[in-house]
Amino acid sequence: MKKILMMVLGWCILHSAYAFDHQAFAEKAQVTFGVSSNFLPEGKFKAYLDINNTSSESLPPGDTQWRIYLHFVRRVTAIDSNEFTLERVQGDLYRLTPTEDFEGIFSGESKRITFEALGYISSYSYFMPNAFIVDGEGKSYIFASTAKEDPKEFSAALSRPEQYLRFDQPNPDLYPVATPQSRFEENLDVSIPEKTVGIIPSPKEIHLSKGRAKITSDWSLYQSGGLNFSASYLKRELSNLGVTLADTKKSKPEHSIALLIDKSFTQPEHYELNIKSNQVIIRAGDKAGIYYGVQSFIKLLPLSAEGNLVSVPAVRIFDEPRYPWRGMHYDVARNFHGKQTILSLVEQMGRYKLNKLHLHLTDDEGWRLEIPDLPELTDVGANRCFDLSETNCLLTQLGSGPKPAQQKQYLSRQDYIDIVRYASDRNIEVIPEIDMPGHARAAIVSMKARYRKLLETSSEEEAKRYLLSDPQDKSQYLTVQSYTDNSINVCMESTYHFVEKVMYEIQRMHRDAGEPLRTFHMGGDEVGRGSWEGSPICQALFTDSDSGILGADDLKPYFVKRVAKLASDRGMAIAGWEDGLMYDKNTPFLRKNLENHSVIANAWDNIWELGVSDRAYLLANAGYEVVLSSATHLYFDHPYESSPDELGYNWATRYTDVEKVFSFRPDDLYANASRTFSGAKIDNLEKLTNKLHVGLERPENILGIQGQLWTETLRTPNSVETMIFPRLIALAERAWRKAEWEKSAAEGEAYQEDWTRFLSILVNYELPKLDQSGVQFYVPPPGLKVKGESVQLNSALPNVNYDFSVNSGNTWKPVSENRTALKPDALYRSRIGGQVSRAVTLSQ
């Protein structure tokens with residue numbers, strides 16, 4: 001009877017003079033995500049969605065035409081409701097549909113939809129914004145309550161252990177969640193170093209002398225030719241301090257700075273910096289060495305000048321890099337943050353002597369580079385919106401919502417050329433990544449759109465020229481990110497026409513920038529198992545005795561071989577993520593089968609207990625050149641500390657702070673195995689994994705190290721910079737210099753001395769300079785402790801300042817020496833220059 005009454009009521013609402021106003025409902029109703037418990041069996045957790053109808057509209061009962069779409073990055077397995085169905089559309093986009101049993105949500109009422117999913121939710125970052133409702137005509141309306149950048153504004157508090165710890169017995173989460181009180185106790189071990197003058201990354205040899213060089217505008221600058229950029233760069237830095245240098249034609253006048261190419265320096269990037277009281281000389285064998293010498297000189301400049309005089313210590317430095325590959329990877333595909341964010345990153349990479357910018361330009365969620373003659377890649381593939389047919393855009397993902405972005409979401413051809421030139425001036429090689437054959441949904445959908453368009457105006461042959469998918473392919477697979485259709489069909493010749501076309505166009509961009517394309521990154525990672533098994537085109541290859549392909553397991557190496565050959569024919573090295581170059585977790589593709597002089601592998605997957613941390617050495621021993629990209633230490637999209645309030649995912653490790661990056665030992669990977677994913681201490685890695693880990697037999701194949709930033713949770717330029725800095729500075733230290741303590745088995749006195757020195761330079765010089773440059777960086781929140789009637793504060797970084805607020809953060813005041821005014825219920829934050837930490841309170 002109740003059901004009948006509700007249906008009658010729903011019919012009356014829909015057919016009366018009153019019509020349900022979807023927009024008014026979306027503007028006023030409160031939609032909230034929450035977690036009940038992560039401690040369900042079988043690796044699942046229970047979550048919920050609350051709809052609190054604070055609007056004047058009533059959501060009618062029954063199976064009416066509205067649908068709610070929400071972004072949820074975990075894979076839902078069951079919904080505890082007979083009023084709704086919850087189905088995954090694609091990727092992280094889910095659709096909530098009312099059934100005939102739906103009782104409606106009338107004005108003033110609330111409804112909780114409970115469901116189960118795989119994995120866990122351990123921070124607010126897992127909740128995505130911009131849930132929306134769609135009416136019967138397909139018009140969409142964002143719930144205003146979810147249109148927020150901070151997920152805490154549309155999420156229920158994660159306050160109980162079962163809500164923020166990742167798992168429970170029999171293997172509990174051993175990483176305690178940081179609190180203001182626990183943070184205070186940990187910070188008591190932080191020594192307060194003296195103000196140290198130094199350079200990061202640390203030079204190989206540095207010899208201090210007595211005296212100082214006092215540089216004024218009476219000084220001049222000489223450069224031996226071809227060094228205009230470094231000379232102009234140095235003059236600009238001194239000009240910012242009030243010192244203007246004139247050019248001189250004399251190589252060694254007094255009161256001068258000289259930049260000299262010296263052919264006795266035979267190794268690339270080596271330099272000598274000699275600062276005397278009346279002269280500064282920088283020598284190197286190439287432009288890169290001169291540029292790095294200039295950067296070391298700039299590191300010694302004060303933050304501000306005394307009048308129009310700049311004083312620097314007399315010092316002589318002989319320096320060279322530890323590795324030829326000192327890289328930073330930046331994912332612009334998942335979320336796009338604009339050209340200027342990339343240029344800002346390049347500028348800071350140059351200052352810290354990093355020399356490889358790995359740009360992840362494409363993925364399932366977006367294609368971010370204009371390719372002439374293939375406009376659909378950016379017309380469709382660079383835009384996300386609510387279009388189930390995906391005729392005009394990709395499906396909305398990662399909380400982007402139903403409306404296209406107002407700003408351009410890709411790099412134009414000229415943008416990319418500008419970036420390559422800007423990077424080249426700073427001795428940084430831009431390495432473009434076009435991710436394939438997996439992670440290629442944006443490309444696949446775009447080329448489908450091209451195919452449909454050209455069928456109306458051109459021949460079918462032309463329409464199929466760059467097609468990446470076969471409509472007859474019935475393969476079934478599900479990727480880690482929950483896609484079922486993101487694998488390029490590697491058996492179609494049009495796939496290789498597409499790859500070569502993209503290579504050709506990017507190569508042209510590099511030539512127009514005056515910098516050859518040396519390395520093409522093909523991605524290759526996380527290909528969905530089952531891809532191509534149901535493809536008739538691939539089945540034909542299996543039965544062709546001349547193809548050399550016997551089954552689906554042969555298809556990925558077949559693809560890599562062909563792409564490597566295409567790159568080689570164009571004079572380029574080929575690069576890929578480690579799993580893209582392996583049959584399985586223990587077996588690399590035969591190196592001799594890849595016709596390329598250089599095949600580079602980014603070794604990333606090193607969760608210790610999974611037993612795959614030796615893949616870097618397996619690949620190096622097999623003849624691949626390896627860039628260490630270890631997820632446990634070098635993935636900068638992970639949180640800075642163990643807290644639900646921190647930004648980022650934590651699939652590889654619970655957190656990665658600056659010290660963890662600094663402590664990384666690239667010459668002995670297994671020495672970095674300190675804790676498991678759950679936080680258990682590792683005493684014996686081989687016993688833990690029941691596996692003998694291979695040793696490194698060909699150390700010459702380790703090219704260097706690289707930091708990674710993936711951007712699923714990063715929607716703003718500020719969030720990008722905050723996750724990169726200051727971890728990038730610690731990365732640069734390890735990439736440039738091998739410390740003496742790395743040879744030791746444990747972190748002893750030598751390590752603590754070096755870490756203290758690094759902290760001093762970081763806090764007193766590097767972070768203030770970043771602040772002056774307008775670069776956002778992470779400031780750790782303070783530790784708090786009540787003592788008597790006052791509050792004590794401390795920080796993981798020495799010599800920071802503190803603010804407090806007694807009105808929920810509306811206004812802030814600096815913490816003074818009179819600490820009796822500080823109250824336990826106030827908000828507190830740390831501050832370095834204009835940068836502040838997130839606010840904390842003792843009531844957390």
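A: A salt bridge is a side-chain nitrogen of Lys or Arg within 4 Å of a carboxyl oxygen of Asp or Glu. The structure holds 60 such salt bridges. This is a predicted model, in which local features need pLDDT of at least 70 and side-chain atom pairs count only at pLDDT 80 or more, while totals for chains, interfaces and linings use all residues. Residues are numbered from 1 along each chain as its sequence is written, and side-chain values use heavy atoms, with hydrogens and water left out.

Q: Which parts does the salt bridge of D645 and K152 tie together?

A: The side chains of D645 and K152 meet at 2.8 Å, N to O. D645 lies in the loop between α16 (631-634) and α17 (658-662), and K152 in the loop between β9 (140-142) and α3 (161-164), so the pair ties together parts 493 residues apart in sequence. Helices (H or I, at least four residues) and strands (E, at least two) are DSSP runs, numbered from the N terminus.

Q: Which residues belong to the network that includes D645?

A: R838 forms a salt bridge with E641, with the closest N and O atoms 2.6 Å apart. Salt bridges that share partners join K152, R183, E641, D645, E646 and R838 into one network.

Q: Are R334 and E712 buried or exposed?

A: Buried means under 20% relative accessible area, exposed over 50%, and partly exposed in between (1.4 Å probe, protein chains only). R334 is buried at 2% relative accessibility, and E712 is buried at 13%. Their side chains meet in a salt bridge of 3.3 Å, N to O.

Q: How is a pair of aromatic rings described?

A: The description consists of the distance of the centres and the angle of the planes. Rings of Phe, Tyr and Trp (its six-membered ring) pair if their centres lie within 6.5 Å; planes under 30 degrees apart count as stacked, over 60 as edge-to-face and the rest as tilted. The whole structure has 38 aromatic pairs. One of them, F72 with F115, is edge-to-face, at 5.2 Å centre to centre and 85° between the planes. F72 is buried, with a relative accessible area of 2%, and F115 is buried at 5%.

Q: Which residues form an aromatic cluster with Y120?

A: Y120, Y126, F167, Y649 and F677 form one aromatic cluster. Within it, Y120 and Y126 make an edge-to-face pair, 6.2 Å centre to centre with 65° between the planes.
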